[in-house]
Amino acid sequence: MSMIFGVPLAVLFGQLLIGIINGAFYALLSLGLAVIFGLLKIINFAHGAMYMLGAMVTVLMFDALGVNYWVALFLAPLLVGTFGVLIEYFLLRRIAGQDHIYSLLLTFGVALIIQGVLINWFGVSGLRYTMPDMFKGGVNLGFMFMPYYRAWVIVAALLVCFGTWFVIEKTKLGSYLRAGTEDSELMQGFGINVPLLISLTYGFGVALAAFAGVLAAPIYSVTPVMGSSTLIVVFAVVVIGGMGSIGGAIITGILMGVIEGLTKTFYPPASSAVIFLVMVLVLMFRPSGLFGKEA
Amino acid sequence: MNQPQNTADIHKVIVEQQAAQDRKKLILNGVLLLFLLAAPFVFYPVFLMKILCFALFAVAFNLLFGFTGLLSFGHAAFLASGGYTTGYLLSNFSGLPTELGILAGTLAATILGLGFALLSIRRQGIYFAMVTLALAQLVFFFFVQSEFTGGEDGMHGIPRGQLFGLINLEDNMNMYYFVLAVFIACYVLVQRIVSSPYGQVLKAIKQNEPRAVSLGYNVDRYKVLAFVISAALAGVAGSMKSVVFQLASLNDAHWHMSGEVILMTLVGGMGTLLGPVVGATFVVNIEYHLSQGPLRDWVDPILGGVFVITVLAFRSGIVGEIQKFVRKNMG
């Protein structure tokens, strides 16, 4: 078998694939953060908890009601998104005029509550979700083995990312969103229901996280703590890419996943730290981020 | 009080009010000091020391968050690096005076703090919070994989040793008064910093950074220095904590700890001197009492709830709300 730097080619491609998939998750999550940040100007510290909720809800709906994967793919983001709208309406809205630091801390508190409650109910060891039958197996691409489900994750994540980009950049609703980012008071003056828009935006961003959670359920272990560690990595990804552009968030996410995968192949001990190290380098040499305009 | 007639009178009134306020503060501080001196005869000294260590941690954090307006989400890194350094040195070099071990831990946290500050200062606002959180996670991974920290197991049986080679710190009472002395020294230091011209600039940066820049202050240098002092004091807290409990573990490096110190500061009252102390006392007590009762598995969600309620209902914290009340009713 052909080798590169002492690593079999198949192993390298396998890790690259895992990297791209992790990157797809980073992209989805940082995209949701960017959407929320655009209008609410806050970083949603509950984003990891929402991702986790998406996965948990998927497993629980299957175990309790036999809800299948495809239904969950729509239902879980809808449920979690609704939950997000409620959080925005009952909690975040009450401190909307205050320093943004408070909303950030509020979402952190919410994350602690969600995670803590679920740990009590389900423990930290994790739940099992059986892969839908149609995704079992895979195809041999000649240079590597491609499991069907992993291919689907990449396709689904890219579709949703592109769809989000399209809605925000090309539709009327998106133009409201972008206008709200610029000057929400003026937009209110034009008769657009800004508070509603803010609620829906938060709900949508959270739903993106839940969608990532559903995608993750069959391949990662579903536990109440799966969100918090992922979220910190996503924060690093956001710092690296900047939240200036949606395309930037997607590209940075996938790029970081690939770098992580490569590190796992060539120097495993550093794989959990490599994204943070990239962040340090970016801060040193390009402090506003790869795609960022803001400070 | 008579209406002042001219500027000289007004000046006199202000000076008198200031003096009266200073007297009140002096009395309050005296009462607190007496309480702290007598406390170990009433309460369990180790528990009191735990409160003092976390209070110092929160005081350190508040210098940055409450007085400079920078939200660091990575202060656990300094607590842990102080604790691990001190623990490692005291465990491996027997006979090393404890104060030198603590000094070394403080130095480690200070250097780490400088690194954090130089990197994170390049981004502002929420990015600052994210950068510090990510850097602290990097430090966490380092501690997980390092040999010297004992990884998941942590460090156990760190000897308390002798202070100045004379005073046996294995004795809880001796240890308590040492911790109290260090705490008071650090607290007074922060008090002096905050009321110094330097502290005034920090407050100015917090209130209106562009204005401070336009007045000619090199804002970044002030911020970096505040960050480094804050990290150093957090290192003192971590070092002392590892000596008191003879234990240093990954818990101290976890993001959860960074969140806890924010909660302590917020609940007690950010931007007040006494607030973090009150907040730390409150949170440590809540955690302790909950862990003893039927709600022991619910500590985290309850702390999250306290977070949410504090942010929604009383952002000034316990001390801040009391100050407001006093000003309104007895002003």
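I first looked up how covered helix 1 of chain A is: 23 of its 32 residues are buried (20 or more other C-beta atoms within 10 Å of a residue's own, with C-beta atoms placed from the backbone). The model is predicted, and local features need pLDDT of at least 70, side-chain atom pairs count only at pLDDT 80 or more, and totals for chains, interfaces and linings use all residues. Residues are numbered from 1 along each chain as its sequence is written, while chains are lettered from A and ligands numbered from 1 in the order in which they are written.

Residues 9–40 reach 46 Å from first C-alpha to last, close to the 46 Å expected (1.5 Å times one less than the number of residues). Just after this helix, I noted that A:Lys41 takes a positive phi of about 60 degrees.

Next I examined the interface. I found 32 residues of chain B in contact with 33 residues of chain A (C-beta atoms, placed from the backbone, within 7 Å). On the chain B side, helix 5 (125–145), helix 10 (255–268) and helix 12 (299–313) each supply at least two residues. Helix 5 gives the most, with 11 residues.

Finally, I consulted the largest nonpolar core, which has 192 residues (buried Ala, Val, Leu, Ile, Met, Phe, Trp, Tyr and Cys joined through C-beta atoms within 7 Å). Helix 2 (residues 45–68) of chain B gives the most to this core, with 17 residues. B:Leu56 is among the residues with the most contacts inside the core. Not counting residues up to four places away in sequence, I recorded that B:Leu56 touches B:Phe183, B:Cys186, B:Leu233, B:Val236 and B:Ala237.

Notes
Contact = placed C-beta atoms within 7 Å. Helix = DSSP H or I, 4+ residues; strand = E, 2+ residues; numbered from the N terminus. Buried ≥ 20, exposed ≤ 12 C-beta atoms within 10 Å, placed from the backbone.
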